[in-house]
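Okay, thanks for coming, everyone. Let me put the model up and then we'll walk through a few spots in it.

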Amino acid sequence: MTYLPKPRLHHPELPTNALGFTHRDYEGVISTLCAGCGHDSISAAIVHACFELSLQPHRIAKLSGIGCSSKTPAYFLGNSHGFNSVHGRMPSVLTGAYLANRDLIYLGVSGDGDSASIGIGQFVHALRRGVNMVYIVENNGVYGLTKGQFSATADKGAKSKRGVANLDEPIDLVGLALHVGATFVARSFSGDKAQLVPLIKAALTHKGPAFIDCISPCIAFNNHEGSTKSFDYVRAHNEAVNVLDFIPPREEITVDYAPGRVEVVTSHDGSLLRLRKLAGEYDVSDREAAMEYLAVHHARGEITTGLLYVALDPSDLHDFLDTATKPLNAMDETELCPGAAALDRINAALR
Ligand SMILES: Cc1ncc(C[n+]2csc(CCOP(=O)(O)OP(=O)(O)O)c2C)c(N)n1
Ligand code: SF4
Ligand SMILES: [Mg+2]
């Protein structure tokens, strides 16, 4: 594949993070997506989040499927591990990598076609198994790369660019993620950086499957009147449940807020997620209530965004399987191949 690297010139006054890296150290090659595509804004938000969290780029693994959305990992985190897999198969490749090496931070990037159509089986099973990852769907309601066919997230009655209405019921990936047991579930909009960046930061520090459905308008095939995934439609129908601040560990915490208006959620690494409620009755720790809230507001034609659910005491696949803490690539031959007696013990335990 051809690509254009970015010039390495750095402005001497670019701000640096705790590791001495600038924003540029978290970028990738120049994007080849259509100018104005929502996906590029999500890439920028990922760069911003990783810079602000001072993550070591070599500790991140980014994986994707096929689609314009799945091309985007080339455009961010150029110094991280990357694997561009097969259409709809990112979750199983990511699961395998995570089982082999739990020390990396896993970021799965996918599209609505990649995850809600061909890859829906993979999507639900990776979330229900508790794979510790951030899973972002860049949701434009169409197969952008193959020229704009409706995907399974397109709303019933939404119009294609040629004016044809979609006849099928939509799949709401957020509802599905809540149903199958994702422990961090959020929805955002590529045009809302103030909401998206803290959500990505919180998801990156969450232990367990963190899912973000990010509405990301396709300006080439799904940004016209009659679309429910256009910039204008999402701006007009956005119903945010909370406003977020992300506070990393070790930073002095000085917060001042009216009781009952703010919720503070502590992540497993000690970072804090401070949520200011916009919807008075909204409780981020109540999964069933989140599902009901989504259904009620969907029926009103609203797009619910924000952090919709977070499990306060999450666990993950390695906890369930009680696997070794050491990555496989750090084990020596005797640990990898402990011999016949160890195998006999394992077999006996399974009888
Ligand atoms: C197995 C397989 N089936 C079909 C395709 C053709 N194909 C490529 S991308 C794509 C859909 C992409 O849509 P989405 O995941 O929503 O990404 P977007 O381009 O909209 O970001 C399809 C059907 C393929 N590459 N591989
Ligand atoms: S076709 Fe749509 S999704 Fe693909 S790059 Fe262009 S605007 Fe983005
Ligand atoms: Mg799409």
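So, to start: where is the place of Ser54? Ser54 sits in the loop between α1 and β1. Before I go on, the ground rules: this is a predicted model, so local features need pLDDT of at least 70, side-chain atom pairs count only at pLDDT 80 or more, and totals for chains, interfaces and linings use all residues. Residues are numbered from 1 along each chain as its sequence is written, chains are lettered from A and ligands numbered from 1 in the order in which they are written, and side-chain values use heavy atoms, with hydrogens and water left out. As for the element names, helices (H or I, at least four residues) and strands (E, at least two) are DSSP runs, numbered from the N terminus.

Back to Ser54. Its phi is positive, about 55°, although Ser54 is not a glycine. Leu77 does that too: phi is near 50°, a positive value in a residue other than glycine. You'll find Leu77 in the loop between α2 (68-71) and β2 (81-84). Leu77 counts as buried, at 0% relative accessibility; buried is under 20% relative accessible area, exposed is over 50%, partly exposed is in between, with a 1.4 Å probe and protein chains only.

Now, what is Ile60 in contact with, leaving aside its neighbours within four places in sequence? That would be Cys50, Leu55, Leu77, Ser80, His81 and Ile105, where contact means heavy atoms within 4.5 Å. Ile60 itself is in strand β1 (residues 60-64), and it is buried, with a relative accessible area of 1%. If you want a distance, the C-alpha atoms of Ile60 and Phe211 are separated by 17 Å, and the two residues are 151 apart along the chain.

On to helix packing. Helix α1 (residues 38-52) packs with helix α7 (residues 193-205) at about 55°, axes 9 Å apart. Axes here are lines fitted to C-alpha atoms, for helices over the stretch in contact, and angles run from 0 to 180 degrees between N-to-C directions. That angle makes α1 oblique to α7: under 35 degrees is roughly parallel, over 145 roughly antiparallel, 65 to 115 roughly perpendicular, and the rest oblique. On the α1 side, the residues that meet α7 include Ile42, Ala45 and Cys50. By class, that contact has nine nonpolar, one polar and three charged residues. Nonpolar is Ala, Val, Leu, Ile, Met, Phe, Trp, Tyr, Cys and Pro; charged is Asp, Glu, Lys and Arg; the others, Gly among them, are polar.

There's another pair to look at: α5 (residues 120-128) and α6 (residues 173-180), whose axes come within 8 Å and cross at roughly 40°. So α5 is oblique to α6. Ile120, Phe123, Val124, Leu127 and Arg128 of α5 make the contact with Leu173, Leu176, Ala177 and Val180 of α6. Those divide into eight nonpolar, no polar and one charged.

Last stop, the metal. Which residues coordinate the magnesium ion (ligand 3)? Asp112 (OD), Asn140 (OD1) and Val142 (O), at 2.1 to 2.2 Å. Donors are N, O and S atoms within 2.8 Å of the metal (3.2 Å for Na, K and Ca), and water is not among the atoms, so sites may look incomplete. Asp112 is in helix α4 (residues 112-117) and Val142 in strand β5 (residues 142-143), 30 residues apart. Asp112 is buried at 2%, and Val142 is buried at 4%.
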